Amino acid sequence: MGIRTGAQYIEALKSRKPEVWLNGKIVENILDEPYFKQPAQEIAKLYDMQHDPVYQDDLTVVCEETGERMATSFLMPHNYEDIMKRSKAFEVVARQTFGLMGRTPDFLNTVVTSLAQNSWFLRKYNEDWATNIENYYKHLRDNDIFLTHAIVNPQNDRSKNSHEQADKYTHLGVVEERPEGIIVRGAKMLATLAALTDEVIVYSFPGFAPGDERYALAFAVPVDVKGLKIICREPVQDGTRSTFDHPLASRYEEMDALLVFEDVLVPWDKVFLYNNVEAANLLYPMTGIAEQPAHQSGVRGYIKLKFAVEVACKVADSIGADQYLHVQRDLGELIQNTEVIRSLLRTAEHEYTITEYGEARLNPVVLETIRGMMPDMYPRTIEVMQTIGAGGLLMMPTEADFLSDELRPTIDRHYGGRAGIDAEARMKIFKLAWDLCGEAFGMRALQYERYYTGDPIRKRAIFYNKYKKENALDLAEAILAKEDTIKEPQTN
Ligand SMILES: Cc1cc2nc3c(=O)[nH]c(=O)nc-3n(C[C@H](O)[C@H](O)[C@H](O)COP(=O)(O)OP(=O)(O)OC[C@H]3O[C@@H](n4cnc5c(N)ncnc54)[C@H](O)[C@@H]3O)c2cc1C
Ligand SMILES: Nc1c(O)cccc1C(=O)O
């Protein structure tokens, strides 16, 4: 089939009936539901862009195996050129949604591409797991499937491992083996966009202990598989809000969901890992899924940060507040933050290495530095936006007010900004800002940057411990040892 169009993506959505729960009811038709309509169109647009001559050479490449075009995010990176092709594709996608949709198809394409490129790891444990992930990659690539994922156990009792929870199947685990596959039961979170995807892949971040064998698994199923409940969180928009009043929330809602598997059959050929605590703990660090998706996340996060910083600058400029020294200082800080992330991305890409299996990987220390800094930089941007917009963020007439002939002259008189910024121009900027820094939509977007890659506190601690192990702190050691000449660092 090759690359899909937006219409083909929408047709596939229509052809399925996943069990999606929203506000206490099962959604009969996803696309009739106002909450999902616009976000589905945003995804469809990305599929259409793959066919647009303006974007096609960035978003797609010709697959060496099939001779057909495939999404660039399915390209297995072998050299710097591949890295930069992927980087450009990530950026083109991110710009279309201002980085606000984190789980566009390219994200999980990179996850599965990385797993398949590193199937040697699974093959060490089980030949079938390796073959299964290789075939699954081809299935996604050749049919341009949109995937969601659920890799975290729900927060039931974080002080206990999965096998110690109150119920054996609070967390997702295997109930029994059958000739045709495994039966799985229990919950996983936090499947972003699940209702709008074709299939779901399940695996886990490390953290399994002996006794957790039944929970140590990885597999994929269609989202409409029998027994799968997709329970959506409360929406941040109702699908009918004005695009004037909520330019972002009305378009880029990425609905998150808890997935509850009630005795779902996973066929053997879709099982990628099972009943093996060691393999489950090593999957993340050994298969490139700690690095390759971080490239997409880094590029997307950079675009989102840059966008939010630009909005903060517009807010300040529109009311003349950027004439004040402290506002200039804060905005200067935000702009420098975006430059730090941009520079780190280029460094991570430039300082790539080739693994013994021929995979090109970005510098992991630099990637992890981006992941460590974004949970501080993005909230800081939002904080600055809130403090510059101040009370004005709450003093905004609605689109309906603007449309009132009686009220409009008053609005025009009292809601304008500095010279040259009329009421409508200022309100458009402030409404954009409020979607980012006040609305539930913006708070979810902030929570995403804090947590999408895991708990930032533990991630920084892991980073420190690994850094300490791998670096000799040789400058400090040299002075402590009173060396006359300082040795040059070893390069590898
Ligand atoms: C908007 C959004 C979208 C997301 N999308 C997806 C998605 O599509 N797919 C997906 O699989 N995941 C997704 N994630 C989930 C994400 O992977 C998790 O939120 C993330 O891994 C953090 O885990 P947690 O939320 O369970 O927090 P927890 O790990 O429960 O942490 C909660 C608090 O408890 C502390 N804590 C908990 N356990 C420990 C411990 N062992 N040691 C020390 N401190 C501890 C933490 O420091 C933290 O302060 C998304 C998250 C968000 C916010
Ligand atoms: N956040 C991630 C995810 O959801 C899947 C795979 C990798 C990551 C990551 O940030 O490393």
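Which atom of ligand 2 does a polar side-chain atom of Thr453 lie 2.6 Å from? An oxygen atom. I will come back to that contact. This is a predicted model, so please take everything that follows as computed from that model.

Ligand 2 to begin with. The residues surrounding ligand 2 are Arg103, Phe107, His149, Ile151, Tyr203, Phe205, Tyr284, Ile289, Arg371, Tyr452 and Thr453. By class, that shell holds seven nonpolar, two polar and two charged residues. A polar side-chain atom of Tyr284 is 2.4 Å from an oxygen atom of ligand 2, and an N or O atom in the side chain of His149 is 2.6 Å from an oxygen atom of the ligand. On its own, ligand 2 has 290 Å² of accessible area, and the protein covers 99% of it.

Where does ligand 2 sit relative to the domains? It lies between domain 1, residues 6–287, and domain 2, residues 291–477, because both give residues to its shell.

Now ligand 1. Its shell has 21 residues, and the closest are Gln155, Arg158, Leu190, Asp455 and Arg458. Two of these have side-chain contacts to list. Gln155 places a side-chain N or O atom 2.8 Å from an oxygen atom of ligand 1, and for Arg158 the corresponding distance to an oxygen atom of the ligand is 2.6 Å. A nitrogen atom of ligand 1 is also contacted: a polar side-chain atom of Thr192 lies 2.8 Å from it.

The shell of ligand 1 divides into 10 nonpolar, five polar and six charged residues. In terms of secondary structure, β5 (147–150), α15 (440–451) and α16 (456–470) each supply at least two. The largest share, four residues, comes from α15.

Next, the sheet. Six strands form an open, mixed sheet, in the order β2-β1-β10-β11-β7-β6. At the edges are β2, residues 25–26, and β6, residues 173–178, each pairing on one side only. Inside the sheet, β1 (19–22) runs parallel to β10 (228–232), with three bridges between them. Val20 stands opposite Ile230 in that pairing.

Last, the record. An unreviewed UniProt entry annotates residues 5–273 as "domain: HpaB/PvcC/4-BUDH N-terminal". In the model, that span is 30% helix and 22% strand, and its end C-alpha atoms are 33 Å apart.

Definitions and conventions:
Residues numbered from 1 in each chain as written. Chains lettered and ligands numbered in written order. Predicted model: local features only at pLDDT ≥ 70, side-chain atom pairs only at ≥ 80, totals over all residues. Heavy atoms only, no water. Near = heavy atom within 4 Å. Polar contact = N/O pair within 3.5 Å; in protein donor to acceptor, adjacent residues only side chain to side chain. Nonpolar A, V, L, I, M, F, W, Y, C, P; charged D, E, K, R; others polar. Pairing = 2+ DSSP bridges. UniProt positions renumbered as here; feature names shortened; annotations may be inferred. Areas by Shrake-Rupley, 256 points an atom, 1.4 Å probe, with all protein chains shown as cover. Domains from an automatic or database assignment.
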